[in-house]
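Morning, everyone. Please take a look at the model on the screen. I'll start with the whole protein and then pick one residue.

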Amino acid sequence: MAVRSVIRFADWVLQIDTSGSPPIFELECTSCGTSSEASEAPDGPQEWALKHAGRSGHEMFRAVHTSFFRATRTEAQPSPP
């Protein structure tokens, strides 16, 4: 008995998903590794970094920006039988 498979190639597109969570911002001190709280707006992490710099003298921070993407097919999916 032979097994047959059909492999169909499809085009996909990757887009930022705006239906769920907005982007998330966070800043991390590169000197000591502490980080701000994650926030949906950059203001909180930026304020944390400035306060941390004032208290510790640490000057370098890593920005962490998380966005969400969704992959969708560019053609209509066939209906199940």
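The protein has an accessible surface of about 6,800 Å², and carbon and sulfur atoms hold 55% of that. Areas here come from the Shrake-Rupley method with a 1.4 Å probe; for residues, only the protein chains shown count as cover.

Quick notes on the source. This is a predicted model: local features need pLDDT of at least 70, side-chain atom pairs count only at pLDDT 80 or more, and totals for chains, interfaces and linings use all residues. Residues are numbered from 1 along each chain as its sequence is written, and side-chain values use heavy atoms, leaving out hydrogens and water.

Now the layout. The protein has 1 helix and 4 strands. From the N terminus, the order is β-β-α-β-β. Helices (H or I, at least four residues) and strands (E, at least two) are DSSP runs, numbered from the N terminus.

How much is buried? Of the 81 residues, 10%. Buried means under 20% relative accessible area, exposed over 50%, and partly exposed in between (1.4 Å probe, protein chains only).

On to His-65. His-65 sits in strand β3, residues 61-66. Why does His-65 count as partly exposed? Because its relative accessibility is 48%.

Who are its partners? Leaving aside residues up to four places away in sequence, His-65 touches Pro-23, Ile-24 and Phe-25. Contact means heavy atoms within 4.5 Å.

Last one. His-65 and Ser-39 are 26 residues apart in sequence, and their C-alpha atoms are 9.7 Å apart in space.
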